[in-house]
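Please keep the sequence and the structure at hand while reading.

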Amino acid sequence: MIPEFFLYLFPFLLLGGFLLYWAGSRHAYARRRPTEPGDPAHHDWHFFVPCRDEETVIATTVTRLRTDFPAAHVWVIDDASDDRTGVLAAAVAAEDSHVRLVSRRRPDARIGKGAALNAAYEAMNAHLGEVDRSRVVVCVVDADGRLSPDAPAHVSGPDGFADPETGGVQIGVRMRNVDDARPLPERGKVANAYARLLIRMQDAEFAASNTAMQLLRRRTGSVGLGGNGQFTRLTALDRIAAAERRPWKQDALLEDYELGMQMRLAGYRVTHVPDAWVTQEALPRTRRFLTQRTRWAQGNIQCVRYAGRIIGSRHYRARGVLESLYTFFQPIAHLTVLALTAVLVFILLTGVTGTVLFAAWPLALALGILSVVPFVLWGPVYRKEFAPDRSRLTGVLWGITLWLYAYHLFIVSARGSVRLLRGKTGWAKTRRNAETAAAGPTATEA
């Protein structure tokens, strides 16, 4: 049986760590300064667009990239799609010499996004020839991603690649369909109201709380790279490839985040630029949302394998080590909370209570109420900066909903852990909102 004093002490430790992390993030967000842009002409730009059954969005994405960034090259990686993704990309490439198609076939294909990106890296190397590789910047854009037109200028500035020590830059992420009145056109009013709220919470999560977290990480030296809007210097990718045979981990579910860690371990600086962003579609369906987040949680648990290297690395400061460990062990903390909750319920149902446990319930209630406050405070911040046309009351209600929304972390942490224990590490794309239930592989395969 778990000692009663542990049941009493553990909530203090968890809440204390959470509040300290939140306070640091909120302070970094409040004190952020505008990013000074640089000259994107100092760099050669290559966009990697990994695709698997993306016929509904790929032509629009490539066209927009070529329109907004006419000097850049676009590499479309068709990961053995079952639909017309490869055909559409090939048609664009035939008309535009700056667009190239990297076609992958089974059995080498469909083994993860990292493998697809590595294929594009190899194809680009064969194409580049003799160039100044320190000037080449690779940007990963999801098949539905849309970059802000000033993104290259912002990541080229002093906070980004103007510093020769910078190996990677992550920009902000926003949800493009946040104002969609009917995200589920085939469903009724109640379902669409729920879908709109789920989309809004994803936008608030990325625009406010995740941005604040990245700004804190910029101070601790542990910024995380994401899978969309990830900019990397080619020489940094080369250094990782020389040590690991390839830049992106092929067995990783969070190949983007792991790439950032690899860069810091190699001595490069990784930073975040909040004034540029990439938009993507938020998921309006709970099942697809939970499947996506389960993959993220499982990938987060996999990152624990880096703990020893990070602790022993001279390129990580102490606060960067602490922030990384905090990030790694969040799913494990969620599982521990679930386990302790089960123990408490068992104790109550069996009538086995103790003095410490009995005295802990009022405190547990107080701690639970206190844990609501940080989420509620993000609601008004998000409303003020990203939806100023909404009322202050709406901002407060959004904050309360963010608190309830955060409980999905317990669900996906449990699901990710079960998948890991069962040895299921496969990756499947999340189906686009425009795709029907019969269109291609589904997110539920993940």
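Which residues point one way from S7, which point the other way, and are they buried or exposed? Gln 230 and Thr 232 point one way from S7, Phe 231 and Arg 233 point the other way, and all are buried. In a regular strand, side chains alternate between the two faces of the sheet. The model is predicted.

**Overall make-up**
- The chain contains 15 helices and 8 strands.
- Of its 446 residues, 52% count as buried.
- Among contacts between residues at least 6 apart in sequence, 82% join residues at least 24 apart.
- The number of disulfides in the structure is 0.

**The sheet**
- The 8 strands form an open sheet in the order S3-S2-S1-S4-S7-S6-S8-S5, and the pairing is mixed.
- Its edge strands are S3 (99–104) and S5 (146–147), each of which pairs on one side only.
- Strand S4 (residues 136–140) runs antiparallel to S7, and 4 bridges join the two. Val 137 has Arg 233 in S7 as its bridge partner, and Arg 233 is one of the buried residues of that strand.
- S7 also pairs with S6 in the antiparallel sense, over 3 bridges. Here Gly 168 has Thr 232 in S7 as its bridge partner.
- S6 (residues 166–175) and S8 (residues 269–280) run parallel and are joined by 9 bridges. Gly 172 has Trp 277 in S8 as its bridge partner.

**Helices across the sheet**
- Helix H6 (residues 189–220) lies across S6 and S8, and runs at about 155° to S6.
- Helix H8 (residues 255–265) lies across S6, S7 (230–233) and S8, and runs at about 30° to S7.

**Packing of H6 with H11**
- Two packed helices are described by the angle between their axes and the distance between the axes.
- For H6 and helix H11 (residues 318–328), the angle is about 145° and the axes are 8 Å apart.
- On the H6 side, Arg 217, Arg 219 and Thr 220 take part; they meet Arg 319, Gly 320, Glu 323 and Thr 327 in H11.
- By class, this contact has 3 polar and 4 charged residues and no nonpolar ones.

**Two histidines**
- His 334 is located in helix H12 (residues 330–350). With a relative accessible area of 14%, His 334 falls under the 20% cut-off and is therefore buried.
- Leaving aside residues up to four places away in sequence, His 334 touches Leu 409, Phe 410 and Ser 413. The side chains of His 334 and Ser 413 are joined by a polar contact of 3.1 Å.
- His 98 is found in the loop between helix H3 (85–95) and S3. Its relative accessible area is 23%, so His 98 is partly exposed, lying between the cut-offs of 20% and 50%.
- Leaving aside residues up to four places away in sequence, His 98 touches Arg 66, Pro 70, Ala 71, Ala 72, His 73 and Val 74. His 98 and Pro 70 are 28 residues apart in sequence, and their C-alpha atoms are 8.6 Å apart in space.

**Two cysteines**
- Cys 51 has a relative accessible area of 2%, and is buried because this is under 20%.
- Cys 303 is also buried, with a relative accessible area of 0%.

Terms used:
Residues numbered from 1 in each chain as written. Predicted model: local features only at pLDDT ≥ 70, side-chain atom pairs only at ≥ 80, totals over all residues. Heavy atoms only, no water. Pairing = 2+ DSSP bridges. Contact = heavy atoms within 4.5 Å. Axes fitted to C-alpha atoms, helices over the stretch in contact; angles between N-to-C directions. Disulfide = S-S within 2.5 Å. Buried < 20%, exposed > 50% of the residue type's maximum accessible area, 1.4 Å probe, protein only. Nonpolar A, V, L, I, M, F, W, Y, C, P; charged D, E, K, R; others polar. Polar contact = N/O pair within 3.5 Å; in protein donor to acceptor, adjacent residues only side chain to side chain.
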